[in-house]
Amino acid sequence: MWTELGMDLEAHDQLMESQDNLFAKIHLSQENRPRAMALFDQAFHASHTERVAELWEHRKKGGKAIGTFCIYVPDEIALAVGVVPIPLCGGSDWPVSYADKMLPRDICPIIRSTFGMAFSDTCPYGPLKDFIVGETTCDAKKKTWDLFGFKVMEVPQKKNDIDRKLWRKEVIAFKDMMEELSGKAVTMDNLAPAVRLVNRKRQALQRINEFRKLEEPPISGLDALLVSQVVLNMDTGRFVTAAEELAEELQDRAAHGISAYQTAPAKRVMIAGTPSPMGYAKVQHIVENAGLRIVVDESCTGERFYRDLVDESPGRLEDMFNAIADRYFTIDCSCFSPNTERLNNIQELLAAYRVDGVIHNILQYCHGYNIEAGAVDNILKEKGIPSLKIVTDYSQEDAGQIRTRVEAFAELLDERG
Ligand code: BJ8
């Protein structure tokens, strides 16, 4: 299989070794983890082994798959006709420099890591997809999709009625694309179960993350992040089963007062900003190692992904498409102008999770989240909540400097009592 996928096996081994070492250091070194986290550890490793084999089998049987880069692409519609969406965002530092072959160095590491894997023949998913569906979010993504000739969904940049209409049309165009690819029509009979399944996935994530509101969370911020990362790669049905098992265990741990943390109660922080795709948890690791507790992730690998569900009540197909489009239209990515919804959502999260401080985790060259941190800080100042902005990439070069800044931030929060 690996040879047929055109992989450079030696380079792939190097990539896996660097990922495994980092994973052991960041996740496996934690004490008192929920037992069910083993399912997600396994899923992390399976993303370059069993999951690839699964999709390989799917393709051999004539199944279809698309590559995606953003949580705007509506999975429900693809799944309804048996098309598997494969999120491709890279989170590993190892392949980043390979991207320099075709892309500028001064762009976001998500894009560099993803294309670095493709150019170094270490991404097994390249040959497993029929095509890629990009989206018009940030400039770096848009121009990269143009360069490689990907299909693109137009995500509007404002949230007025005219924008909603445009987005609904884009969702229908995506439906047409999936029908053409699969040779099957999207009907209420296949769409309604797909909507319910994806809703169940988001509900399982909601349930897991509810426990982080407790004074003593039964799951660490690092493990909650891992769950939110692997959800993008795992088979949906299998993820739901694993997530429900974890939620049951967390319920039990909460009932018995079992904390994920070994230390005395510490300050509670929100991580806000850019996504942290699988393989990346640099800032989160430093933050929890500094004794802070990450109780909520305000990102696409966190609350932005599972917050909203699709309304399951429509009985007509057209209304169901609108319900799907409207659910995705609530995503508050920094590509929107103004992005008032994000500011409102952040305020709700601050209260619900009793947040003492906010850490902006921003990937280098992501101007949207970097500049928008200023608008978030204006709100935080009014509420007397301190913040720290970290702009970084996937490398470990600045880890020492970030650690010093995070430790100083932790002291500041402690001094405030
Ligand atoms: S909905 S955050 S997944 S676009 S690639 S915008 S980090 S410079 S990923 Fe994103 Fe969709 Fe928005 Fe979420 Fe910035 Fe990097 Fe662009 Fe990025």
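Helix α1 (residues 9-28) contributes the largest share of the lining of the largest cavity, namely five residues. The structure described here is a predicted model. The volume of this largest cavity is about 80 Å³. Its lining consists of Gln19, Leu22, Phe23, Ile26, His27, Phe44, Gln229, Gly279, Tyr280 and Ala281. By class, six of the lining residues are nonpolar and four are polar, and no charged residue takes part. In total, three cavities of 30 Å³ or more are present in the structure.

The second largest cavity holds about 50 Å³ of space. Strand β5 (residues 268-273) gives the most to its lining, with three residues. The residues that line the second largest cavity are Leu225, Ile271, Ala272, Gly273, Thr274, Ser276, Gln284, Asp297, Ser299, Thr301 and Asn361. This lining comprises three nonpolar, seven polar and one charged residues.

Gln284, one of the residues lining the second largest cavity, is also among the buried residues of helix α11. Helix α11 (residues 282-289) is largely enclosed by the rest of the structure, because seven of its eight residues are buried. The buried positions in α11 are Lys282, Val283, Gln284, His285, Ile286, Val287 and Glu288. Just after α11, glycine 291 adopts a positive phi of about 95°.

Two further residues were examined for their surroundings. Asparagine 233 occupies the loop between α9 (221-230) and α10 (236-255). With a relative accessible area of 12%, asparagine 233 falls under the 20% limit and is therefore buried. When neighbours within four places in sequence are left aside, asparagine 233 is in contact with Ser47, Arg51, Tyr125 and Met278. Valine 295 is part of strand β6 (residues 293-298) and is buried, with a relative accessible area of 0%. Leaving aside neighbours within four places in sequence, the contacts of valine 295 are Arg212, Pro217, Arg268, Val269, Tyr353 and Val355. Valine 295 and valine 310 are 15 residues apart along the chain, and their C-alpha atoms are separated by 25 Å.

The shell around the ligand contains 13 residues, of which Cys70, Cys138, Cys300, Cys333 and Cys366 come nearest. Divided by class, the residues of this shell are ten nonpolar, two polar and one charged.

Salt bridges number 34 in the structure. A network of salt bridges links Glu298, Glu303, Arg304, Arg307, Asp308, Asp332, Arg342 and Glu372. Within this group, glutamate 298 is paired with arginine 304, and the closest N and O atoms of the two are 2.2 Å apart. Both glutamate 298 and arginine 304 are buried. A salt bridge also joins arginine 307 to aspartate 332, with 3.4 Å between the closest N and O atoms. The latter pair links distant parts of the chain, 25 residues apart: arginine 307 belongs to the loop between α12 (303-306) and α13 (317-329), and aspartate 332 to the loop between α13 and α14 (340-352). Arginine 307 is buried at a relative accessible area of 17%, and aspartate 332 is buried at 0%. A further salt bridge brings together the side chains of glutamate 318 and arginine 316, at an N to O distance of 3.0 Å. Arginine 316 has a relative accessibility of 48% and so counts as partly exposed.

Several backbone features were also identified. The peptide bond from serine 337 to proline 338 is cis, and its omega is near -10°. Proline 338 is located in the loop between α13 and α14. Asparagine 32, although not a glycine, has a positive phi of about 60°. This asparagine is placed in the loop between α1 and α2 (37-46), and at 35% relative accessibility asparagine 32 counts as partly exposed. Aspartate 121 likewise has a positive phi, near 55°, in a residue other than glycine. The loop between α5 (109-119) and β3 (131-135) contains aspartate 121, which counts as partly exposed at 37% relative accessibility.

Definitions and conventions: Residues numbered from 1 in each chain as written. Predicted model: local features only at pLDDT ≥ 70, side-chain atom pairs only at ≥ 80, totals over all residues. Heavy atoms only, no water. 1 Å grid on protein atoms, 1.4 Å probe; cavity = no way out; pocket = protein on both sides within 12 Å on 5 of 7 lines; lining within 4 Å. Points joined across faces, edges and corners; volume = space filled by probe spheres on them. Helix = DSSP H or I, 4+ residues; strand = E, 2+ residues; numbered from the N terminus. Nonpolar A, V, L, I, M, F, W, Y, C, P; charged D, E, K, R; others polar. Buried < 20%, exposed > 50% of the residue type's maximum accessible area, 1.4 Å probe, protein only. Contact = heavy atoms within 4.5 Å. Near = heavy atom within 4 Å. Salt bridge = Lys/Arg side-chain N within 4 Å of Asp/Glu carboxyl O.
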